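Trainee: I would like to look closely at a single part, the place where two chains meet. Could you first help me find my bearings?

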Protein chains: 2
Amino acid sequence: MLASKFHLNTLKEAPTEAEIVSHQLMTRAGMIRKHAGGIYTYMPLGLKIMRKVEAIVREEMNKAGAIELLMPVVQPAELWMESGRWEQYGPELLRIKDRHQRDFVLQPTSEEVITDIARNEIHSYRQLPVNFYHIQTKFRDERRPRFGLMRGREFTMKDAYSFDRDEAGALASYDIMYNAYMRIFKRLGLTFRAVAADTGSIGGSRSHEFQVIADTGEDLIVYNPDSDYAANIELAEAPCLIEKRAEPTQESQEVETPNANKCELVAQQLGVSLDKTVKSVVFVTTPEEGPAQVWLLMVRGDHEINEIKVSKLPAFKHGFRLATEEEILEYFGSEPGYLGPLNTAKPVNIIADTTVANMSDFICGANKAPYHITGINWGRDLPEPEVADLRNVVAGDPAIGEPGTLAIQRGIEVGHVFFLGDKYSSELKATFLNENGKPETLQMGCYGIGISRITAAAIEQNHDEKGIIWPIAMAPFEVVICPVGWGKSEAIRNEATALYETLKQNNIDVILDDRDTRPGVMFSEWELIGVPIRVTIGDRGLKDGIIEVQERSKAEAVKVPVAEVNAYVLSLFNNLKNTL
Amino acid sequence: MLASKFHLNTLKEAPTEAEIVSHQLMTRAGMIRKHAGGIYTYMPLGLKIMRKVEAIVREEMNKAGAIELLMPVVQPAELWMESGRWEQYGPELLRIKDRHQRDFVLQPTSEEVITDIARNEIHSYRQLPVNFYHIQTKFRDERRPRFGLMRGREFTMKDAYSFDRDEAGALASYDIMYNAYMRIFKRLGLTFRAVAADTGSIGGSRSHEFQVIADTGEDLIVYNPDSDYAANIELAEAPCLIEKRAEPTQESQEVETPNANKCELVAQQLGVSLDKTVKSVVFVTTPEEGPAQVWLLMVRGDHEINEIKVSKLPAFKHGFRLATEEEILEYFGSEPGYLGPLNTAKPVNIIADTTVANMSDFICGANKAPYHITGINWGRDLPEPEVADLRNVVAGDPAIGEPGTLAIQRGIEVGHVFFLGDKYSSELKATFLNENGKPETLQMGCYGIGISRITAAAIEQNHDEKGIIWPIAMAPFEVVICPVGWGKSEAIRNEATALYETLKQNNIDVILDDRDTRPGVMFSEWELIGVPIRVTIGDRGLKDGIIEVQERSKAEAVKVPVAEVNAYVLSLFNNLKNTL
């Protein structure tokens, strides 16, 4: 490609609304242009990147035996009513009406449509297993779209759906997809981690997220550097930090703690370490039948409640929320900040985190501001508690069931594999006939990759103050040739053109910048855009028989003799490709 | 591809709603599945075809210098309000609201968005010319979607938009696209014609449709077999069939013509040929100012009024309609069927078709049922008329300005190129700075190809009673290997697998049918699906050292010695490819 025949349009400044670096850099590099909140055009440069991601995803999906089809963007509401998601899905599901006032949705995913296809197309166990996927425009009407492609409304996703005759088959299909995803993210050249994940409202018993590691990620990943263990913090089991509860050594005692409405302040005032304090969090559950119930959940002062874990407690399954100040006053007789399990105004249900359950001589609020009680002991001052894992893992927690110490890093979720079981197939009555001619319900899995999100996540992971540093597999161009003085020197034009032709013949995606812009401007532009290899051909160098080759990820350029430049660039290119 | 690893699901019967052969065959062959009126999933077989079309379109667009980007499906209403199409576009434009009740449209085309991009991205004449295109999902909310992919609601279209500094530049861009389209449809292996077309509501002065020739087409194409001339009948200029008006030979005379309310019946009753009669059609125009006006338009009895031509008459530009029976009675004093230019009840405006204007001794209604008047002559019985081309060309009309006789055939519009001028760029104020630093308005062209429609049009053109006959460039598979007795015979499996591997190595898109179905069922399935080359390997043949090769388009199979089959199939394949 000649730069003069392509459309490049970089900007000096990012829009003020661009809060994260990928949004800033993609806009500045001219890869995306915004039309409305979360709705973008992929400009030629941006589309090239997305197409490269798509191609790798498609290749690995095909290798894994998945079959591509294309389901519609506009889907009839009837199917979504059958699955129940017409009601369950929040306002992110854009519901629209056609000219005849019939209801449709803009697809955020395609479980319903694919299950409808399966129930019509799959008749016999002989047709199983089968895995259908498509790469299609999705729409989620985010309340506050932002972060560019990271949380857009219209985006491109690869979603695959496997159908099997039984759970064992479905889990085998799951593993095939898991392995395909591992290959995809490796080939893309990203640092990533497959982490066990919560199955959320989709249910099912197995789920992994594929997280691109980046400091700016929204997700927290718990992992064991000494093993393969990795899980989203939402799911990661927290160890009990106290192996055996110690015997009481203190009497319980009410102490005044003025203005100490947080564990940190209490520990400071009383001159004890934070891990002697216990945090009290009050929830209200709304059971299917009967009145709402009030719960006191207790985690150590240096720990945080994990609401995903809370949501899985048996009593919390039908809905829960934090208690209001009025409810707290009614049940505890105190304002928040001084709550505890002793002397509540009304009886409340208590659950202690596994670590709290093994604490002794601990400190809680006295249910009377501004007082706390020290020296509390289970079994003596209050009954043995109900116990559950209620907290987030923190860095330094020991791994469970294996050696090692847990660490935490941030990630951006770019892929997700789910075992679905019969969630959709039973709602939509998608069955097949087994060997005995008896109908059985299809077992499903679903597997998503955020194609457009990957492009943003790659930037969050790979950038510097100058701009983007693309892994070569995703780079909009693999090599850029920058002639300094294109318009003035025939020698430069000849040398640049010869190299350009050679690289093209070797199937390298190369762009020759023939726009004759000033070297500083030209270099900044290509550093911003992030092309992995830049070749600079200038008069001064040519006089010395030298061409400069600069890797985007390296600080220094390499001076290469003119006669060797073809071989050098080809070899550098192959090295970058092979390190994937 | 192994058939056992692909998803094939052919049907014996087409759905009753499938009125046209492409809809029937695509459904029966398992290429599409319907979810709602005009909304389909492209099943794996259907998607393969569409992707092959896309690839050819993309390749030729890139060769022609167009630059691919991707504009969104969901577009903000504001841009459509700026262009005026928010108001002008009928209910086919699906207008939707997001969760914040903001207005959006599902794009039927992208003139607004691309013009918005252009006004932001193009600053200088140095950036021109430029041509952007995308291949994206479109939505048109047809009142009555039908004919499968031929008139769907959600469909895939390639739309390109060129930007130039002046009209000459825009017309050059137009010609580049015209030539690219010629290459695209040639490479697809379709019989087609580029025809001059009406520019309709988009305006502009130059437009061509690319029509796939098929008896089932909705469009009528006028062409000169002895020249390059071809035009949509809507646009095709009709010749005046009478070079010079003859002198009157008859007196005008009222004759009774009972029940003869059509020219055919009048000619029959009076024993004259149809071309002595003149048809009277009454329109009412609604001018911008002043009262509605009544017009009598006259075409010869064997001709048809062309309403597109009528719409371009100066007085008709602001709107017109057929007159009601009440209006006809008021102005002509007669019921329809007996109307004419003489003795009207009130004065009416008269326009005669060019042929009618040169007629003499002709017959019209008497404005009194059931009478007609014979022997009418211009200048004697009524004033010389206003004259215009009002009629459709009929087969046999002489070509205008060149030798030859016009013929008519049916076609399916699959592509359209338009010179737009500044229609959108002036509404959206898309300007650039010329060499003198002065702002000028961008000159635009737009160029569409109905990707999904092409797949249906190809079938309308290429099918027989057994199924589809794909041109090799679009075929879902290029070769199918049909082993008869796959499960029973190792010799057959070996032979089939060896050929399969050879063809794959030669980059042929081959499928090996390893499903072990009965030969009759297997052959019918592949004939229905329409794979161009079928290779049948059976025990009987192998004993005789013979493998059968059947071209889908040929009546007879060819028996090829086993040792020669690789070479034979490769050569046949290359021949089919090269005839494109």
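Trainee: How many Å separate the centres of domain 2 of chain A and domain 3 of chain A? Then please take me to where chain B meets chain A.

Mentor: The centres of these two domains, taken over C-alpha atoms, lie 65 Å apart. This is a predicted model, in which local features need pLDDT of at least 70, side-chain atom pairs count only at pLDDT 80 or more, and totals for chains, interfaces and linings use all residues. Residues are numbered from 1 along each chain as its sequence is written, chains are lettered from A in the order in which they are written, and side-chain values use heavy atoms, without hydrogens or water. The assignment, which is automatic or from a database, divides chain A into domain 1 (9-237 + 408-459), domain 2 (253-388) and domain 3 (477-578).

Turning to the interface, 52 residues of chain A are in contact with 52 residues of chain B (heavy atoms within 4.5 Å). Between them the two chains bury about 4,300 Å² (accessible area lost on being put together, with a 1.4 Å probe, summed over both), and carbon and sulfur atoms give 59% of that area. On the side of chain B, Leu70(B), Arg99(B) and Glu121(B) supply 16% of what this chain buries against chain A, more than any other three residues.

Charged side chains also meet here, in eight salt bridges between chain B and chain A (a Lys or Arg side-chain nitrogen within 4 Å of an Asp or Glu carboxyl oxygen). One of these joins Asp98(B) to Arg153(A), whose closest N and O atoms are 2.8 Å apart.
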